[in-house]
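This report examines selected elements of a protein model. The sequence and structure are shown first.

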Amino acid sequence: MSSGIFKYTDVNFCKTYGCKNLGVLNSLSYQKSGLNILCLECGFSFPVISARALNVFKAQVNKGYQGIILSCPHCGKSKGLTRHGRSKNGLQRIKCPDCSITFIHYCDFPISPRLLIIGELVRNGRSLKELPYGSEYSSTVLGRDLSKMASISRLIQTQSSSISIDSELSTAAFLINFNASSNRMYAIVTADKRSRRIIAISTNYAPSATSIPVDFQYKITDEESCIGQNLVSRIFAKDRLMSRRDVYFDTHYGTAQLKSNDSGAIVKPVLAAYRHFELVKTLTDRYSLYVHHYLEHECFIYGGCLVANLKSVQDGNCHISFVYEQGDRKCRKNVHSEMIVSDIVWNDAWYYYSQRQYHLAVCNLTGLRRGNSVFEATLEPAQSFIQFVQQHPFYMCLIRHSPANVNYLLEFLMQEYNQYFYNADTFLGNT
Ligand SMILES: [Zn+2]
Ligand SMILES: [Zn+2]
């Protein structure tokens, strides 16, 4: 077994569940048509995702997991690794049998007093300008400190991930401003329904623009809007919106311009989505035997989830559904249900349940799992984190930071959020 996050990924195959070309690269029954490839087996087309763009982006943003996840940072292999002496600072060195390269495995990071102060300021919603270090404390040093905080958060995250063997994960997306401007990043977050903890968060910021193909950098300034009077009209509106895009994944969410001295790039959200689910899979794979993914209705979020879980989906050990939910789950009573079919993008069948204070729409994309009630479907655990961030006392300070620092701080906030449930679990005695 190897970790997807350090492996080369090519995702240019048919994404139609049930098609025999699902997961098949370079099939003879693929026909190029503009920016898309038509699969003659199923009659549906899929957009080409540059393997170069995806792998360059992955290599950059997954760097922070090197030595934190116990797998080779070069080939992703996690079996057969051996100990290989210690580093100068006494840290364990590991060697990959295939690549012969060595890397350090981190069990903990030193936490300097400065990081503790930063953590306190963030918790209390105070600006990081209040740090008592005067003018010698440059933005470069702050960036380095925040990067260390993010590493510590990642380490705690990988060590405390404890989802059940039969798990349900909810994924939602949100936009977050940076540089105290109207520019925004696209962020994706996945939460475990049972423990409510966040598994991972990804954004579409790459620290270095070098080698990211220009056509996979996000340069759009206008914003798609998707309005509907009720859940059903929102489903159809979203399908129409996706079908009108040049390629299905080309979402337009408004401006995302970096400062001229920022060497990074904002990439198309599709790359973030594909990276995101590989990371979720890597972080949960050890524990989970069956997983049900509940997703926000967005084709590239589905694509990323499907590709990262392809084998499990084909074996029936992973199911994926789109979910819309409105109102309070607790108000749910005997709900009236109907079936709605939208054939705008694919032939999607939605179960729609409606009552005065609660509405739910679920589209099962990978067949049905016996015994799993549609009522289990929810995005709430992921949305709850988004609310936590947006209502956090630090939020107004957060969005003044550079995109790189916003990313580090989001990882810290994820850990803060998870800590709350960790304590709640211990307090209530349920693990
Ligand atoms: Zn097909
Ligand atoms: Zn290797």
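The model is predicted.

**Sheet**

Three strands form an open sheet in the order E4-E5-E6, and their pairing is antiparallel. Strands E4 (82–86) and E6 (102–105) stand at the edges with a single partner strand each, so one side of each has no neighbour in the sheet. On average, neighbouring strands of this sheet are turned by 40 degrees against each other, direction ignored. Four bridges join strand E5 (residues 92–95) to E6 in the antiparallel sense. Arg-93 has Ile-104 in E6 as its bridge partner.

**Helix contact**

Helix H2 (residues 113–123) and helix H3 (residues 139–160) have axes that come within 10 Å and cross at roughly 85 degrees. Because angles of 65 to 115 degrees count as roughly perpendicular, H2 and H3 are roughly perpendicular to each other. The residues that make the contact are listed by helix below.

| Helix | Contact residues |
|---|---|
| H2 | Arg-114, Leu-115, Ile-118 |
| H3 | Asp-145, Lys-148, Met-149 |

By class, the contact of H2 with H3 comprises three nonpolar and three charged residues, with no polar ones.

**Faces of helix H8**

Which residues of helix H8 (residues 380–390) are buried? Pro-381, Ala-382, Phe-385 and Val-389 are buried in H8. These residues cover an arc of only 105 degrees around the axis, which means that they lie on the same side of H8. The exposed residues Gln-387 and Gln-390 are carried by the face of H8 turned away from its buried side.

Terms used
Residues are numbered from 1 along each chain as its sequence is written. Chains are lettered from A and ligands numbered from 1 in the order in which they are written. This is a predicted model: local features need pLDDT of at least 70, side-chain atom pairs count only at pLDDT 80 or more; totals for chains, interfaces and linings use all residues. Two strands pair if DSSP finds at least two bridges between them. Helices (H or I, at least four residues) and strands (E, at least two) are DSSP runs, numbered from the N terminus. Axes are lines fitted to C-alpha atoms, for helices over the stretch in contact, and angles run from 0 to 180 degrees between N-to-C directions. A residue is buried if 20 or more other C-beta atoms lie within 10 Å of its own, exposed if 12 or fewer, and partly exposed in between; C-beta atoms are placed from the backbone. The arc is that of the directions from the helix axis to the C-beta atoms. Angles under 35 degrees count as roughly parallel, over 145 as roughly antiparallel, 65 to 115 as roughly perpendicular and the rest as oblique. Two residues are in contact if their C-beta atoms, placed from the backbone, lie within 7 Å. Ala, Val, Leu, Ile, Met, Phe, Trp, Tyr, Cys and Pro count as nonpolar, Asp, Glu, Lys and Arg as charged, and the others, Gly among them, as polar.
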